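The chain is shown first, and the details follow.

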Amino acid sequence: MPGRKKDCALRHFSFFTCGKPVVYWKKGKSAVPCDFGDLCSEGKAQFSGFADFMICWCRMKKPRKLQKRIMLFAAVWMTAVFLLAGCGSGGVSVGTSAQQSGGNRDARAQVLVPQSPEERVIGEDGQTAVIDVSNVSDGYVTVRYTGNNEKVKLKITCEGQEYTYDLRQGVADVFPLTCGNGTYQFGVFENIGGNQYSTLLSGSADVEIRGEFLPYLYPNQYIAFTADSAAVAQGEQLAQGAADDLDVVARVYDYVVGTVTYDYDKADTVQTGYLPDVDETLQTEKGICFDYAALMTAMLRSQRIPTKLVIGYVSGGGGQVYHAWISVYIEGQGWVDNIIYFDGTDWVRMDPTMASTGGGAGKYTGDGNQYNAMYTY
C-alpha cells in the first residue's frame, strides 16, 4: 500500500488476541487500525510475538528504541498476567484464555460449579430420591432420582408459586430458588398411571440466600453449561475488548440474533419436558425460543452477568403464545426486563427470537405486544 510508510506514526500500543488489531497508524487527520494482513506483509509494520500475545507497531525512524520500550513493558505486563492467572476461589471454574483485550472489563469466563454433598437432605436412607438442601444459601438445590419410574416430577413451592420439573433417572439435577429468602416446600412425585402421581417424598427448608444474584449465575437444569462448554468459550471470545457489562450484553445479543435461525420444524414437533442444549444450538445454529434464551443466558452468566431466563406468554393479535425470554442485571441500571440493547436513545426489546425471525415466527412466538412472566429460572 504505497504512501503509508511516510505517514505512519505510532498512536498507542497494546496487546491483541484472535486477530484483533490494537495499534493505529495515522494518515492525515484519521486514525485507522493497523491491518496486519496488509501492513505487516508489506513491511510497513512489525510483529513481536511471545506466549499467546503479539504486539504490532508502525515502523518509525528509530524502531529499535521503541521496540525495547515496548518489550520491557510487555514483559512486566505478562508477568502480572501469569501471577494473576493462578488465583481462584472454591466453587468457581475459570476459563483458560484469560485476557482483557482493549476494554476495561475482564473477559475471563467464570463458571460457578454446583455441589451436591448431601450434608442436609430431604429423604431417608433407602428412598429412590433425595433432595439435597446443603447449598440453599447459594440459591439452588440438587435432586437425584435413582428409581425405575420414567415419569417423575419435582415440585417447588414458594410464595404461592409452584414450579414443576421433570426428573431424570440417575442425574443430580440443579434447580434454582428464585423466590428469594423464605420457606420453600419440596416434593417428588411418581406417576402411577395417566395424569395421576403419588408422593414419593416431601419436606421444607428455610432459605436465606447469601447473594441475591446467585440463582441467576449458577447453571441449572434449564441452562446447563460447564467451564468446558463451547457456549462459554464463545461468550468469552465475544466479551474480549468489551468496555463493560452492557457492551457484553449487546455483543452476545447481536451474535445470537445474527447466527441462530429459528427452527420451525422443531417448533412443530417439540415435546413436553424439552431441555435446551446450548452447545448443540451453537453448533447447529438453529433453535426455538427456549434454545435462544438458554444460549444467551449461559454466555452471560459465565461472564458474571446475572441473567434470568423467563417463561411466560406473549399476548397480541388476539391470542397468547407461550414463550421464553431473558432479563439481565446491569450495574447502575438494575434489572432490565425483556430488553438487551441501548441504541443511544431507547432500550430495545431483549427477546432474541423476535429480532432474529423478523416477525416470521409470529405463529410460535407472538408479536411481542405484551410480555407476561410466569416463571423465572
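## Lys 266 and its surroundings

The side chains of Lys 266 and Tyr 274 make a polar contact at 2.5 Å. A polar contact is a pair of N or O atoms within 3.5 Å; within protein, one must be able to donate a hydrogen and the other to accept it, and residues adjacent in sequence count only if both atoms are side-chain atoms. The model is predicted: local features need pLDDT of at least 70, side-chain atom pairs count only at pLDDT 80 or more, and totals for chains, interfaces and linings use all residues. Residues are numbered from 1 along each chain as its sequence is written, and side-chain values use heavy atoms, with hydrogens and water left out.

Lys 266 belongs to helix H5, residues 264-269. Helices (H or I, at least four residues) and strands (E, at least two) are DSSP runs, numbered from the N terminus. Lys 266 counts as buried because its relative accessibility is 18%; buried means under 20% relative accessible area, exposed over 50%, and partly exposed in between (1.4 Å probe, protein chains only). Leaving aside residues up to four places away in sequence, Lys 266 touches Tyr 274, Glu 280, Ile 288 and Asp 291, where contact means heavy atoms within 4.5 Å.

## Chain overview

The chain has nine helices and 22 strands. Of its 377 residues, 46% count as buried. Among contacts with a separation of 6 or more, 57% come from residues 24 or more positions apart.

## Helix H3

Helix H3 spans residues 230-239 and is mostly covered, with seven of its ten residues buried. Those buried residues are Ala 231, Val 232, Gln 234, Gly 235, Glu 236, Leu 238 and Ala 239. Their cover includes strand E6 (110-112), helix H4 (245-259), helix H6 (278-284) and helix H7 (289-301). Just after H3, Gly 241 has a positive phi of about 90°.

Within H3, Gln 234 is buried because its relative accessible area is 16%. Gln 234 touches Tyr 255, Leu 282 and Met 299, not counting residues up to four places away in sequence. The C-alpha atoms of Gln 234 and Leu 282 are 8.9 Å apart, while the two residues are 48 apart in sequence.

## The largest pocket

The volume of the largest pocket is about 760 Å³. On a 1 Å grid over the protein atoms alone, a cavity is a set of points where a 1.4 Å probe fits but cannot get out, and a pocket is an open set with protein on both sides within 12 Å along at least five of seven lines; lining residues have an atom within 4 Å of a point. Grid points are joined across faces, edges and corners, and a volume is the space filled by probe spheres set on the points.

Of the 25 residues that line the largest pocket, Thr 272, Gly 273, Tyr 274, Phe 290 and Ile 311 lie nearest its centre. Two or more lining residues come from each of strand E11 (161-166), H7, strand E18 (319-330) and strand E22 (370-376). The lining has 17 nonpolar, six polar and two charged residues. In this classification Ala, Val, Leu, Ile, Met, Phe, Trp, Tyr, Cys and Pro count as nonpolar, Asp, Glu, Lys and Arg as charged, and the others, Gly among them, as polar.

## Cysteines

There is one disulfide in the structure, a disulfide being a pair of cysteine sulfur atoms within 2.5 Å. Cys 158 and Cys 179 form this link, with their sulfur atoms 1.9 Å apart. The link of Cys 158 and Cys 179 is right-handed, with 45° about the S-S bond. Cys 158 lies in strand E10 (residues 152-158) and Cys 179 in the loop between strand E12 (172-176) and strand E13 (182-193), so the pair ties together parts 21 residues apart in sequence. Cys 158 counts as buried at 3% relative accessibility, and Cys 179 counts as buried at 11%.

Cys 289 is placed in helix H7 and counts as buried at 12% relative accessibility. Cys 289 and Tyr 262 are 27 residues apart in sequence, with a C-alpha to C-alpha distance of 7.8 Å.

## Positive phi in loops

Glu 159, a residue other than glycine, has a positive phi near 50°. Glu 159 sits in the loop between E10 and E11 and counts as exposed at 63% relative accessibility.

Arg 304, also a residue other than glycine, has a positive phi near 70°. The loop between H7 and strand E17 (307-316) holds Arg 304, which counts as partly exposed because its relative accessibility is 28%.
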